[in-house]
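Please take a careful look at the sequence and the structure below before reading on.

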Amino acid sequence: MSAIRGKGALIPFQAASGGLMLLIVAAMAFLACFALAGALATTRIAATWTEGLAGAATVRIDANEDDRARRTSLVLDILRDTEGIIDARALNERDVAELLTPWFGGTPDLGELPAPGIVAVTLDTENEPDPTVVQARLDGAGAGAIYDDHGRWRGRAAKAARAIGNLSWWALVLTVLAIAAAAFLVISIAMVAHKGTIEALRLAGAEDRFVAGLYQKRFFWLGALGGLIGSGVALTAFVGLDALSSVRAALPMLDAPYYWPFAWLGIVLACALVAVLAARLAVLTTLRRRG
Amino acid sequence: MIQFENVGFRYKRGPEVLQNVNLEIPAGSFQFITGESGAGKSSLLRLLFLDEVPTSGRISLFGRDVTTLTRDEIAWFRRRIGVVFQDFRLLDHLSAAENVALPLTVSGARETAYRDNVTEMLQWVGLGDKMEVRPPELSGGEKQRVAIARAVVASPDIILADEPTGSVDPAMAERIMALFVEMNRLGKTVLFASHDLAMIEQYKLPITTLRDGTVSSGMGAAA
């Protein structure tokens with residue numbers, strides 16, 4: 001063994017405080033992965049819902065059977081004659097029955113139900129028509145029909161998904177803050193134990209940033225290792241969830257995005273970076289407080 | 001190089017330890033500081049290695065008023081001052097060599113650049129065979145010599161020693177004293193605090209005596 005080991009040996013770090021920090025960072029990284037996955041998934045859900053409902057509209061024709069065929073034909077003529085509408089197609093009875101099946105628990109008999117006529121409309125997404133203008137034209141022709149471009153549903157669905165996504169991002173921020181707070185606390189406690197050593201370093205001419213550097217190096221590795229363990233466990237959990245066909249079928253938007261290795265690496269680096277910054281802040285604050 | 005102008009000092013709300021101290025120590029000189037226990041010798045040295053600031057008056061070090069120094073400047077100034085503490089202040093988890101290397105390590109020097117220097121220093125104080133030994137396994141005299149080697153390894157301009165012979169036998173005290181005289185011959189300014197008047201009067205060197213927080217100057221009897 002060399003008689004002089006260099007800077008790394010100057011502070012006698014205790015295994016216990018390192019283990020505690022490692023455990024906290026690993027737990028936080030695990031939670032951060034779920035928060036990040038939640039945020040990404042809800043963002044994708046919002047996009048899926050919005051995109052899925054975009055470019056389509058529906059016209060409901062009064063359930064009154066009298067004159068239904070003429071009014072349907074009238075509606076189709078008006079729609080096909082409207083700029084921004086690519087196609088309009090009246091659904092047949094079987095299509096309507098399929099739409100109603102989830103609410104009736106079986107194929108309903110439309111002969112006994114006052115089901116409305118439905119026209120599916122395909123819109124030009126680059127040039128969607130003004131829904132109030134289309135509705136006015138339908139009303140003017142006495143079609144007894146209601147035009148619905150799903151705008152209200154699109155807005156609500158996107159808003160709900162965004163709200164959940166925002167919560168996930170906030171959870172991620174809180175997780176990061178928790179890592180910083182844990183590092184700050186662990187270092188503050190460690191610095192009490194290292195008081196004599198730090199005093200000796202300072203009397204030997206060590207600048208505050210030199211002392212901070214000793215802790216930063218240690219906490220960089222603790223942060224990175226904790227991040228690696230926590231996110232590794234989380235990834236294993238994701239793979240396990242993905243393997244469950246029931247989960248995969250129910251939540252296709254939870255499919256891993258193509259950039260997941262970078263997200264994983266990002267979490268590991270973020271854990272290390274947060275631990276380093278917290279270490280620096282804790283050391284400089286404590287040294288200045290001591291005078 | 002070192003100038004005290006009407007310096008007063010007290011610890012928080014305690015009594016005044018130093019009162020109106022005026023002192024001028026030229027570069028390259030050797031100065032004994034003596035006085036009874038509690039006379040203020042250690043406090044005077046603490047002011048000099050910037051561990052405390054005067055409550056009144058002005059201390060000038062290397063041409064700067066010490067109260068105007070920033071934290072980084074204090075660190076920089078401390079690298080130009082080697083200190084031998086009465087209680088050694090060695091780090092028990094480091095080897096003797098690592099303790100000696102401390103001022104060089106904190107200054108950012110590479111271990112490969114100073115390894116030979118550290119070895120030479122430990123040999124100079126007669127501990128060349130104890131490089132890897134940790135302080136708890138060293139005797140009081142050996143710890144004192146490690147502390148001396150640490151104080152001089154970075155070639156500081158000023159060396160402060162607080163009772164460096166206080167806990168060793170007379171033969172070791174003489175040996176330690178000879179090391180400080182040698183450092184002074186190499187051009188270092190040495191301030192040597194000791195209450196052992198009999199020992200310091202053997203040397204024909206300036207003596208500053210502290211009594212009730214005030215100073216008087218004199219000279220040792222014989223070389």
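A residue counts as buried if its relative accessible area is under 20%, as exposed if that area is over 50%, and as partly exposed in between, with a 1.4 Å probe and protein chains only. By this rule both B:Phe32 and B:Phe192 are buried. The model is predicted, so that local features need pLDDT of at least 70 and side-chain atom pairs count only at pLDDT 80 or more, while totals for chains, interfaces and linings use all residues. Residues are numbered from 1 along each chain as its sequence is written, chains are lettered from A and ligands numbered from 1 in the order in which they are written, and side-chain values use heavy atoms, with hydrogens and water left out.

**The sheet in chain A**

- Helices (H or I, at least four residues) and strands (E, at least two) are DSSP runs numbered from the N terminus, and two strands pair if DSSP finds at least two bridges between them.
- In chain A, 4 strands form an open sheet in the order E2-E3-E1-E4, and their pairing is antiparallel.
- Its edge strands, each pairing on one side only, are E2 (85-90) and E4 (145-148) of chain A.
- On average, neighbouring strands of this sheet are turned by 20° against each other, with direction ignored; axes are lines fitted to C-alpha atoms, for helices over the stretch in contact, and angles run from 0 to 180 degrees between N-to-C directions.
- Strands E2(A) and E3(A), the latter covering residues 117-123, pair in the antiparallel sense over 5 bridges, and A:Arg89 stands opposite A:Ala120 in E3(A).
- Helix H4 (residues 131-140) of chain A packs on the sheet and touches strands E1 (56-61) and E4 of chain A, its direction making about 170° with that of E4(A); contact means heavy atoms within 4.5 Å.

**A sheet in chain B**

- Chain B has an open sheet of 4 strands with antiparallel pairing, in the order E2-E1-E4-E5, and its edge strands are E2 (16-25) and E5 (64-65) of chain B.
- Strand E1 (residues 2-10) and strand E4 (residues 56-61) of chain B pair in the antiparallel sense over 5 bridges, with B:Phe4 opposite B:Ile59 in E4(B).
- Helix H1 (residues 41-48) of chain B packs on this sheet, where it touches E1, E2 and E4 of chain B.

**Aromatic rings**

- Rings of Phe, Tyr and Trp (its six-membered ring) pair if their centres lie within 6.5 Å, and planes under 30 degrees apart count as stacked, over 60 as edge-to-face and the rest as tilted; the count comes to 12 aromatic pairs over all chains.
- The rings of B:Phe9 and B:Tyr11 form an edge-to-face pair, because their planes stand at 75°, and their centres are 4.7 Å apart.
- B:Phe9 is buried, with a relative accessible area of 1%, whereas B:Tyr11 counts as partly exposed at 31% relative accessibility.
- The rings of B:Phe32 and B:Phe192 are also edge-to-face, with centres 5.4 Å apart and planes at 80°.
- This pair links distant parts of the chain, with B:Phe32 in strand E3 (residues 30-34) and B:Phe192 in strand E8 (residues 189-193) of chain B, 160 residues apart.

**A buried alanine**

- B:Ala193 lies in strand E8 of chain B and counts as buried at 0% relative accessibility.
- The C-alpha atoms of B:Ala193 and B:Leu45 are separated by 8.2 Å, although the two residues are 148 residues apart along the chain.
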